[in-house]
Amino acid sequence: MKFSPIEKILLTSDVIDQASLDKARSIQKEKGGEIKDILTQMGTLTEVDIIQAFSKGWDIEFIPAIGEIEVDPAILDKIPITFLRRYNIVPIKWQGDTMIIAVNDPMEQDPAFDISRRLNIRNIKRVLATKKEILAAISRFNEMKNESAKDIMDGLEEDDEILKDLASIPDITVVETEAPIIRLVNRVMVQAFRERASDIHVEPYQSDVKIRFRVDGILHDVLTLPKRIQSAVISRIKVMASLNIAEKRLPQDGRIGIKLGDHSVDLRISTVPTVFGERLVMRILDKSSVLMGLEDLGFYPDDLSIISKLIKQEHGIILVTGPTGSGKTTTLYSILSRINSPDKNILTIEDPIEYQLKGIGQIPVNPKVGLTFASGLRSIVRQDPDVILVGEIRDLETAEIAIHAALTGHLVFSTLHTNDSVSAITRLIDMGIEPFLVSSSVNAILAQRLVRKICLKCKQEYYPEIETLSEVGLSKEMLGEVGYLYRGSGCEECLETGYKGRTGIYEILMMSDSIKSIILKTSDSNLIKRQAIKEGLHSLREDGAGKVKDGITTVEEVLRVTQQ
């Protein structure tokens, strides 16, 4: 029996046996592909197992992690990023007059020789690394070379052909085009992603155009563009989103699907006409981001225990309330991921679908063809679901169908825009839902807000004023002997804000028998809230105060998001 060099190495390294190789060979014969890829897909070997065998067989060093790149990124002018990605190869450092290059497949020697020829280097030494490490290193290498959006803007000359090549859409981290507007727009998008922005604002004014990023819920000025390139920048983005660049008098909505290195990113585009030109906002949705687990959302153990019990119920409605951008969708997706299992049929109707959940049927709202929350929900109920997620209860019709679904044996999750948990009850009754239907269908209401977390790199102690503490319901005694709180002083890591990342603060209203009986008599939110507090309800501000005391966030943040 003949063996290929790869098969010989794997067999002599004792990482596989003959039976596994035979099975892989039969799959290769039937479906094609490389034997090493088939073995990893079968679960027989990991990529590291294979590379370690190659390292031993070819006597080439294996490096588990690629550290800092110590090569001048200017060489990317001679070696395209696309070449490095195609062959999974990256220059990483110099060792004397020898360039060290990380490769994934030692059988492919031509790419290394090609780099040697292009750079006119005599001595090259190859080391082995995983594809993931090499691709991450290529992205870092490219980032070292790429100028910032400001650098590109500063380099725009008055006579630049700023509308040249507006329609080409590559992987935007590979900025190889010469067209300055394309490079500028690409760098703005890459920079926004790197700085964890959720939105990019392009705002035209009388004499210039401002670019702002929303990071951790707060808008920051990033760049000021000259007025003369306004139409070119807007046109480039509209071309990418397949919008009508000639129509400037009407609002338009679209989307851009792009790649940022190894991330797949959706940009939701919205334009509106203003007196100074079109104003444009891009919402960034990272489709390849890992969905957060319930335990990562900032629930205290007691609240997490309550939520865990609630989501195991067979029927009823669980509402999540809060303003736009308070993390309601993330919470609901985390809940669905927790309860998702092969024995459950979970269906959602959303506007828009922000994350794609494996094993869950997700329906996007499309009013243009008559698919609204109400009509979609009516159809979902006929699809034999166990769990239903309605993106938002906006009107009486949607509320009625959701309540009917909950009363007929379905577990329904949805959102409402109200300030606190109790207000959701009065909102439903104001919509026209009978109080007895609210009390019999709603299991619990979760109100939430997002607060920025103190940056761990510049976190420092300080002694707060008594008046400041009292605003969130804390006192000096509650801080104990230490008597201090924390805040961020501002550093490069947190863009000088003192905050990095966000967490939730929560208020959970359980529909007890006593609260249900109050709802049947009156929709007075004050009476309902007083009873809920008696039964142990802690308010959003109280939950926030706990996180201030624990050094997670600041008094100012809690006050910012909880002021009525």
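A crossing of two helices is left-handed if the near helix is turned anticlockwise from the far one by less than a right angle, and right-handed if clockwise. Keep that in mind for the first stop. What you have open is a predicted model, where local features need pLDDT of at least 70, side-chain atom pairs count only at pLDDT 80 or more, and totals for chains, interfaces and linings use all residues. Residues are numbered from 1 along each chain as its sequence is written, and side-chain values use heavy atoms, with hydrogens and water left out.

**Stop one: a helix pair**

Select residues 373-381, helix H13, and residues 396-407, helix H14. Helices here are DSSP runs of H or I with at least four residues, strands are runs of E with at least two, and both are numbered from the N terminus. The two helices pack at about 20 degrees, with axes 8 Å apart; axes are lines fitted to C-alpha atoms over the stretch in contact, and angles run from 0 to 180 degrees between N-to-C directions. H13 and H14 are therefore roughly parallel (angles under 35 degrees). Look down on the pair and you'll find a left-handed crossing.

Now show side chains. From H13, Phe373, Ala374, Leu377, Arg378 and Val381 meet Glu397, Thr398, Ile401, Ala402 and Ala405 of H14, contact being heavy atoms within 4.5 Å. By class, that contact has seven nonpolar, one polar and two charged residues.

**Stop two: Glu7 and Arg25**

Jump to Glu7, which makes a salt bridge with Arg25, the closest N and O atoms being 2.8 Å apart. A salt bridge here is a side-chain nitrogen of Lys or Arg within 4 Å of a carboxyl oxygen of Asp or Glu. Glu7 sits in H1 (5-12) and Arg25 in H2 (18-31), so the pair ties together parts 18 residues apart in sequence. Glu7 is buried at 5% relative accessibility, while Arg25 is partly exposed at 22% (buried is under 20% relative accessible area, exposed over 50%, partly exposed in between, with a 1.4 Å probe and protein chains only).

**Stop three: around Arg394**

Which residue forms a salt bridge with Arg394 at 3.3 Å? Select Asp351. Arg394 is in the loop between S13 (387-390) and H14, and Asp351 in the loop between S11 (346-350) and S12 (361-364), so the bridge links parts 43 residues apart in sequence. Arg394 is partly exposed at 45%, and so is Asp351 at 39%.

Technical notes
Parallel < 35°, antiparallel > 145°, perpendicular 65-115°, else oblique. Nonpolar A, V, L, I, M, F, W, Y, C, P; charged D, E, K, R; others polar.
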